[in-house]
Amino acid sequence: MNKSAQTEGVKQKIALWGVGSWGIRIAGSIQSEYQQRVEVVGVDSDVQSLICSSLVHKIIIGEKTVRSRGLRRDTGKVEKAFRESEAKIKSKLADCRALLIVGGLGGGVGSGVIPALCNCARELKIFTIAFVTHPFKFEGKKKNLLFQKAREEIEKGPVGLACFSLDRLVGRIEDDTPHEEVFRHCDRILKEAVECMISYLTAPPQRGGDYALLESIFSSPGETVMGIREAAGPNHLITAVKGALSALSLNATELGMIKGVLLQLETGGSISFRRLEQAIGAVSGVLSEDVDLLYTIDKSKEKGEKIMVRIMAAGVPEEGENAAGQAIPVTLTADRPPAKQTEINFKRLARGMFVNTDPTLFEGEDMDIPTFVRKGVSLE
Ligand SMILES: Nc1nc2c(ncn2[C@@H]2O[C@H](COP(=O)(O)OP(=O)(O)OP(=O)(O)O)[C@@H](O)[C@H]2O)c(=O)[nH]1
Ligand SMILES: [Mg+2]
């Protein structure tokens with residue numbers, strides 16, 4: 001059968017839309033490596049941010065309404081601008097099977113356009129996941145309120161949401177960490193999260209593409225976190241998996257509250273079943289029993305024998321929600337040799353000195369049987 005034959009009536013395209021200044025920059029950093037797999041589009045009302053972008057596909061919205069400027073956090077203007085450009089947006093989305101959206105909430109464009117775009121995709125029955133950020137606390141109440149409103153809008157429909165808290169992403173840093181380094185770190189996490197999803201969505205059916213489960217994982221309330229690790233050498237897979245788990249920076253309580261996980265392995269080499277079993281087992285072993293866990297393996301010649309592991313976990317309680325929030329994060333060190341345990345040499349005993357004694361009977365009842373069992377008391 002011709003591999004490239006397309007099933008009639010089935011839409012094939014997967015699109016990534018970067019919305020607003022930051023969303024466009026993140027999408028731009030993904031374009032060169034992934035343009036064979038997804039169509040990358042930039043959307044903004046601010047012509048300047050589109051001009052500066054290397055994206056091939058660009059959509060300017062609200063040319064008449066806002067005259068090619070930013071939306072200055074004016075939600076009324078956003079709605080008008082979006083309506084003005086809705087026809088061209090819908091026509092660009094018409095042949096999409098899946099839509100990934102990326103952008104920061106808190107600014108005018110991202111907070112206004114991302115929820116509207118989700119509505120549009122919902123109407124067109126396109127599988128959609130939005131990758132957004134919760135602004136830093138220092139950005140002020142107004143931006144944080146815009147974020148809350150936008151998030152509530154997005155959550156109204158069957159749209160997946162991967163929401164990263166910028167304060168959590170930055171985590172514990174040294175007082176003298178340069179701000180550029182912090183922003184680069186945030187860029188990288190958001191980029192890697194989108195790439196992890198692209199890998200899963202574009203993998204052959206046996207290694208990815210369970211859209212229904214993905215939608216359920218990313219419909220969980222709470223935040224999304226991301227851990228990435230690359231490793232080489234004989235135990236590279238388990239080393240990378242444990243490193244990526246530690247990089248989630250969650251404590252044991254938070255790990256136990258995760259609702260779903262997407263795990264991606266990328267390597268040029270082959271992975272034996274036993275190693276895969278050990279690695280996936282290491283992840284499921286620290287999560288609760290009812291977590292949905294999806295994984296995919298991506299072949300990449302560039303990686304050679306090295307392996308890269310990305311773990312995206314959804315449904316993490318927001319900071320402050322978890323009473324054990326101050327607990328120390330779990331660190332799984334894979335490099336350290338297993339600790340040698342002191343062997344305690346128990347003598348093989350019979351069942352103790354009472355094994356042959358007679359039952360302690362009192363008024364016909366055996367006093368060695370616990371009272372609640374004797375009396376048939378339910379503990380529920
Ligand atoms: N970490 C990080 N966050 C950013 C960066 N740029 C923007 N953000 C976040 O994304 C939010 C939205 O910012 P922009 O993308 O610049 O805003 P916009 O959507 O273009 O909207 P306008 O304000 O109308 O231009 C900000 O409030 C920040 O929280 C960045 O370079 N690094
Ligand atoms: Mg902007």
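Helix α1 gives the most to the shell around ligand 1, with 4 residues. Keep in mind as you look that this is a predicted model.

**Around ligand 1**

Which helices each supply at least two residues of this shell? They are α1 (20-34), α5 (108-123) and α8 (179-201). In total, 19 residues surround ligand 1, and the closest are S21, R25, G110, E139 and K143. If you sort the shell by residue type, you get 8 nonpolar, 6 polar and 5 charged residues.

Now zoom in on the atoms.

| Residue | Polar atom in | Distance to an oxygen atom of ligand 1 |
|---|---|---|
| R25 | side chain | 2.7 Å |
| K143 | side chain | 2.9 Å |
| V109 | backbone | 3.1 Å |

How much of ligand 1 does the protein cover? On its own, ligand 1 has 640 Å² of accessible area, and the protein covers 84% of that.

You can trace the contact residue by residue. From α5 come S111, I114, P115, C118, N119 and R122, and they meet L146, A150, E153 and I154 in α6. What kinds of residues make up this contact? They divide into 6 nonpolar, 2 polar and 2 charged.

**A lysine in a strand**

Finally, find K299, which belongs to strand β9 (residues 292-299). Leaving aside residues up to four places away in sequence, K299 touches T267, G268, G269 and S270. Which backbone oxygen does the side chain of K299 reach? That oxygen belongs to G269, at a distance of 2.5 Å.

How values were computed:
Residues numbered from 1 in each chain as written. Chains lettered and ligands numbered in written order. Predicted model: local features only at pLDDT ≥ 70, side-chain atom pairs only at ≥ 80, totals over all residues. Heavy atoms only, no water. Near = heavy atom within 4 Å. Polar contact = N/O pair within 3.5 Å; in protein donor to acceptor, adjacent residues only side chain to side chain. Areas by Shrake-Rupley, 256 points an atom, 1.4 Å probe, with all protein chains shown as cover. Nonpolar A, V, L, I, M, F, W, Y, C, P; charged D, E, K, R; others polar. Contact = heavy atoms within 4.5 Å.
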